Amino acid sequence: MTNIEFSEKEDKIVSFLIKGHTEAYNYGEDIVCASISATSIMTLNGLIEVLKIKKLNYEMKDGYIFCDLRNVSEEDLNNAQSLLKSLSIMLKTISEDYPKNVQFRARRYGK
């Protein structure tokens, strides 16, 4: 099971966590896991290489991606929202299509 959690504060995504393996198909043939990995890594690369977000805290390893934008500038956080919201929509859609393999959760915090 892959667990996905997005954290939002004041309608802005401030972090996401993806952990686990979907185990929807055999290793090397799991299109669900590959879709999650590809879109997540593309988003992370966009934050780092295209938007050049400073003070971005992230970690990637097998079956685990964490990205934290709570310490970035307000400008960088605003610039990142299109990428982050697109990722959120994609991963939520995957979770709806594969509910036995992917769990999606969005946490909202106040000010």
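Is Ser88 buried or exposed? Ser88 is buried, with a relative accessible area of 12%; buried denotes under 20% relative accessible area, exposed over 50%, and partly exposed the range in between, computed with a 1.4 Å probe on protein chains only.

The structure is a predicted model, in which local features need pLDDT of at least 70 and side-chain atom pairs count only at pLDDT 80 or more, while totals for chains, interfaces and linings use all residues. Residues are numbered from 1 along each chain as its sequence is written, and side-chain values use heavy atoms, with hydrogens and water left out.

**Helix H2 and its residues**

Ser88 lies in helix H2. Helices (H or I, at least four residues) and strands (E, at least two) are DSSP runs numbered from the N terminus. Apart from neighbours within four places in sequence, Ser88 is in contact with Phe6, Ile13 and Phe104, where contact means heavy atoms within 4.5 Å. Leu87 is likewise located in H2 and is buried, with a relative accessible area of 2%. Not counting residues up to four places away in sequence, Leu87 touches Phe6, Phe16, Thr39, Ser40 and Thr43. Leu87 and Met42 are 45 residues apart in sequence, and their C-alpha atoms are 9.2 Å apart in space.

**Packing of H1 against H2**

Helix H2 covers residues 74-97, and its axis is 10 Å from that of H1, at a packing angle of about 175 degrees. Axes are lines fitted to C-alpha atoms, for helices over the stretch in contact, and angles between N-to-C directions run from 0 to 180 degrees. The angle makes H1 roughly antiparallel to H2; angles over 145 degrees count as roughly antiparallel, under 35 as roughly parallel, 65 to 115 as roughly perpendicular and the rest as oblique.

On the H1 side, the residues that meet H2 are Val32, Ser35, Ile36, Thr39, Ser40, Thr43, Gly46 and Leu47. Their counterparts in H2 are Ala80, Leu83, Leu84, Leu87, Met90, Leu91 and Ile94. The residues of this contact comprise ten nonpolar, five polar and no charged. In this classification Ala, Val, Leu, Ile, Met, Phe, Trp, Tyr, Cys and Pro are nonpolar, Asp, Glu, Lys and Arg are charged, and the others, Gly among them, are polar.

Ile41 also lies in H1, which spans residues 31-50, and is partly exposed at a relative accessible area of 33%. Beyond its neighbours within four places in sequence, Ile41 is in contact with Met60 and Ile65. Ile41 and Ser82 are separated by 41 residues in sequence and by 15 Å in space, C-alpha to C-alpha.

**Nonpolar core and aromatic residues**

The largest nonpolar core has 24 residues. Such a core is a set of buried Ala, Val, Leu, Ile, Met, Phe, Trp, Tyr and Cys residues joined through side-chain atoms within 4.5 Å. At least two residues of this core are supplied by each of S1, S2 (12-19), H1, S4 (64-68), H2 and S5 (102-109). The largest share, six residues, comes from H2. Among the residues with the most contacts inside the core are Phe6 and Phe16.

Two aromatic pairs are found in the whole structure. Phe6 and Phe16 form a stacked pair, at 5.5 Å centre to centre and 25 degrees between the planes. Rings of Phe, Tyr and Trp (its six-membered ring) pair if their centres lie within 6.5 Å, and planes under 30 degrees apart count as stacked, over 60 as edge-to-face and the rest as tilted. Because Phe6 lies in strand S1 and Phe16 in strand S2, the pair ties together parts that are ten residues apart in sequence. Phe6 is buried, with a relative accessible area of 0%, and Phe16 is buried, with a relative accessible area of 0%. Phe6, Phe16 and Phe104 form one aromatic cluster.

Ser7 is found in strand S1, residues 2-9, and counts as buried at 8% relative accessibility. Its contacts, neighbours within four places aside, include Lys12, Arg107 and Tyr109. Two residues in the loop between S1 and S2 are set out below.

| Residue | Phi | Relative accessible area |
|---|---|---|
| Glu10 | positive, about 50 degrees | 48%, partly exposed |
| Asp11 | positive, near 65 degrees | 61%, exposed |
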